[in-house]
Amino acid sequence: QVQLVESGGGLVQTGGSLRLSCAASVPMLSVDIMGWYRQAPGKQRELVTSITSGGTTNYADSVKGRFTISRDNSKNTLYLQMNSLKPEDTAVYYCNLRRHHAIEYTNYWGQGTQVTVSS
């Protein structure tokens, strides 16, 4: 069973930075796509960024140029560096691992970590 444990959330002022980490209980495979989602109060969960095993990244327009996703396969860990934070970045951030099996896939989620940006 895959377990994902996030850390690194907290309270920061506008313009500040935070680095989130997500430790996976199993080695990452070449078929895995990992990502960060967030959910603000009263809103749907949204994709922030994702990364393939080959390093191809995808970012939501709202975070381009400010957030950077990376993964360290040797440590089974995913990171999210968040710079120039804005109050609208306030949300619970979730780590996601999507493991593909032929034409199907399984989603695994972490428990979430709160990020609060004060104005």
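Is Gly54 buried or exposed? Gly54 is exposed, with a relative accessible area of 69% (exposed is over 50%, buried under 20%, partly exposed in between, using a 1.4 Å probe and protein chains only). Keep in mind that this is a predicted model, where local features need pLDDT of at least 70, side-chain atom pairs count only at pLDDT 80 or more, and totals for chains, interfaces and linings use all residues. Residues are numbered from 1 along each chain as its sequence is written, and side-chain values use heavy atoms, with hydrogens and water left out.

**Salt bridges**

- Searching the whole structure turns up five salt bridges (a side-chain nitrogen of Lys or Arg within 4 Å of a carboxyl oxygen of Asp or Glu).
- One of them joins Arg99 to Asp32, with the closest N and O atoms 2.6 Å apart. Arg99 sits in strand E9 (residues 91-101) and Asp32 in strand E4 (residues 32-39), so this pair ties together parts 67 residues apart in sequence. Strands here are DSSP runs (E, at least two residues), numbered from the N terminus.
- Arg99 and Asp32 are both buried.
- Arg38 bridges to Glu46, at 2.7 Å from N to O. Arg38 is buried, at 5% relative accessible area, while Glu46 is partly exposed, at 37%.
- Arg38 also meets Asp89 in a salt bridge, at 3.0 Å from N to O. That pair links distant parts of the chain: Asp89 is in the loop between strand E8 (77-82) and E9, Arg38 is in strand E4, and they are 51 residues apart.
- Asp89, like Arg38, is buried. Through shared partners, salt bridges join Arg38, Glu46, Arg66 and Asp89 into one network.

**The largest pocket**

- The largest pocket has a volume of about 180 Å³. On a 1 Å grid over the protein atoms alone, a pocket is an open set of points where a 1.4 Å probe fits, with protein on both sides within 12 Å along at least five of seven lines. The volume is the space filled by probe spheres set on the points, which are joined across faces, edges and corners.
- By type, the lining splits into seven charged, three polar and two nonpolar residues.

**Rings and the charge over them**

- The whole structure has one aromatic pair (ring centres of Phe, Tyr or Trp, the last by its six-membered ring, within 6.5 Å; planes under 30 degrees apart are stacked, over 60 edge-to-face, the rest tilted).
- The pair is Tyr37 with Trp109: the ring centres are 4.9 Å apart and the planes are at 70°, so it is edge-to-face. Tyr37 is in strand E4 and Trp109 in strand E10 (residues 104-109), so the pair ties together parts 72 residues apart in sequence.
- Tyr37 counts as buried at 16% relative accessibility, whereas Trp109 is partly exposed at 35%.
- Arg45 lies over the face of Trp109, at 4.6 Å from the ring centre (over a ring means NZ of Lys or CZ of Arg within 6 Å of the centre and within 35 degrees of the ring normal).
- Arg45 also lies over the face of Tyr94, at 3.7 Å from the ring centre.

**Loops and backbone**

- Most residues other than glycine have a negative phi. Ser84 is not a glycine, yet has a positive phi of about 50°.
- Ser84 is in the loop between E8 and E9 and is partly exposed, at 41% relative accessible area.
- Ala102 also has a positive phi, near 55°. Ala102 is in the loop between E9 and E10 and is exposed, at 78%.

**Distances along the fold**

- Back to Gly54, which sits in the loop between strand E5 (46-52) and strand E6 (57-59).
- Gln114 is in strand E11 (residues 113-118) and is partly exposed at 38% relative accessibility. The C-alpha atoms of Gln114 and Val92, 22 residues apart along the chain, are separated by 4.4 Å.

Conventions. On a 1 Å grid over the protein atoms alone, a cavity is a set of points where a 1.4 Å probe fits but cannot get out, and a pocket is an open set with protein on both sides within 12 Å along at least five of seven lines; lining residues have an atom within 4 Å of a point. Ala, Val, Leu, Ile, Met, Phe, Trp, Tyr, Cys and Pro count as nonpolar, Asp, Glu, Lys and Arg as charged, and the others, Gly among them, as polar. Helices (H or I, at least four residues) and strands (E, at least two) are DSSP runs, numbered from the N terminus.
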